[in-house]
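Me: I am new to this structure and would like to understand the words used to describe it. Could you go through them with me slowly?

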Amino acid sequence: MVTVLEATTATLGKVKISGGGRCNVLHDTSKPVNEILQGYPRGQKELTGILHKRFPPSTAREWFESRGVELKTESDGRMFPATDSSQTIIDTLLQAASKANVQIHYRSKVEGISICPSPTTSSTDSGQENKEREKSQFCVTIQSRSKSDTTDSDSSSQTATPKRSTKELYFDAVILATGSTPAGYRIVQGLDLTFVPTVPSLFTLNAKSEVGNEDGLLNGLAGISVPFAEVAFCVPDQKKPIQTEEGPLLITHHGLSGPAVLRMSAFGARELAKVNYKGILRINWAPHLGKVDDVFDELWQSTTLRPKKQVNKFCPLLLPDDKESAIPRRLWSTLVQRAGFEETQTWATASKKLVRNLAMEICRCEIEITGKSTYKDEFVTAGGVSLKEIDMKAMQSKKYPGLFFCGEVVNVDGVTGGYNFLNCWSTGYVAGNSAAEFVVSKFHPNTKGEGDMAKQSLSDL
């Protein structure tokens, strides 16, 4: 039998809120696996075998599609259910669990896991409990909650109060799939396993003064998206940036977001935490055009090709397809003003000094970063069980045979776009099948039918 111990009143809470309630279930499974692996700041090497052989992205897609889930792939590689509802994914997973006779115990918070001691004839446990302990590998202590019909004697309220009780359950194998919850990390540390301290990953950047002050560069520009930019996080005492990334950039009411910033937050998670998320973000709003001198040359041509056009109303810099402006109009106007141009000044009257100032604002624009915010669609941490503790072929603890891990509880995390759920599905599949094989081979070698049922239950999930 497979048992799920759920601390709350409902499972899959993180699935429900992911992707703004749409559930970014996978990343474009048509991409080569090696390209998908580039989306993991931590665990890239260790996931290689799993994603190439054990449970590839294409297999994850087929798992959902074979159960009636129609998936769609958006232009940025994110995959969603065609219904645009996370409930579709939740229902599919719960139906698979029900079909496999998986037992889900709600309001059952795991307080700790220990290795079962050898039973003794002097045990005061009941006969049945002693038998369970004797044949099991792990003792799981849980605190369960149930609703009571009684009321507090000191209160006139008739509202039912939760009753809490602590008990021990015994299992042949345990899979830890606690995500980034502190309770899960406490369980890991209680087993004396090497634990990599956690720090936030996938977050947006705050720029309080640039947004809030009237003369701030980002003031009044919330909602503007730049199709392609380069961002570099710099701190005063270091010559090189902490992290540099490219991609779409979004100006928000608090600062900056978008794929470029989110990728930076993931790959630079620990370094950014060390500087308390404070520094200078150096932005190149048009990196495909080169450096300052290259952009200056491009801009200077407008003084002869478009002399009568107002500088703040005409951006001559185009995207690689030469069809659209590289910099949105409102942002362009702000950059022009910041470079020192008069509001109605034309290209014909532009001096080389002003044009160079503008080229600098485009290629080396500096924004003071004052902190971070949570990215609303995903809550991801870097850190967890050290991968050195785990046999990745089976997702099994090297120290405690029969103890398995999957998902975010281990030191693996991905960028936004479906990578983190892919990690959950793939490592979960491997952990589940490995746990079933462990139980069958060690505890039930002669009960083929029962063993096959256990393996089928876990492989279905």
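Reply: The model is a predicted one, in which local features need pLDDT of at least 70 and side-chain atom pairs count only at pLDDT 80 or more, while totals for chains, interfaces and linings use all residues. Residues are numbered from 1 along each chain as its sequence is written, and side-chain values use heavy atoms, with hydrogens and water left out.

Me: Which residues is tryptophan 425 in contact with, leaving aside its neighbours within four places in sequence?

Reply: Tryptophan 425 is in contact with Val15, Val25, Leu26, Phe55, Phe64 and Leu93, where contact means heavy atoms within 4.5 Å.

Me: Why is H13 called oblique to H14?

Reply: Helix H13 (residues 329-339) and helix H14 (residues 352-363) pack at an angle of about 130°, with their axes 8 Å apart. That angle makes H13 oblique to H14, because angles under 35 degrees count as roughly parallel, over 145 as roughly antiparallel, 65 to 115 as roughly perpendicular and the rest as oblique. The contact is made by Trp332, Leu335, Val336, Arg338 and Ala339 of H13 and by Leu354, Asn357, Leu358, Glu361 and Ile362 of H14.

Me: Which residues of H13 are buried, and what covers them?

Reply: The buried residues of H13 are Leu331, Trp332, Thr334, Leu335, Val336 and Ala339, and their cover includes strand E12 (225-234), strand E13 (243-251), helix H11 (292-300), H14 and strand E16 (365-369).

Me: How do you know whether leucine 12 is buried, partly exposed or exposed?

Reply: Buried means under 20% relative accessible area, exposed over 50%, and partly exposed in between (1.4 Å probe, protein chains only). Leucine 12 has a relative accessible area of 26%, and is therefore partly exposed. Leucine 12 also has a positive phi of about 60° although it is not a glycine.

Me: What makes methionine 395 count as buried or exposed?

Reply: Methionine 395 has 0% relative accessibility, so this residue counts as buried. Methionine 395 sits in the loop between strand E19 (390-391) and strand E20 (396-397).

Key:
Axes fitted to C-alpha atoms, helices over the stretch in contact; angles between N-to-C directions. Helix = DSSP H or I, 4+ residues; strand = E, 2+ residues; numbered from the N terminus.
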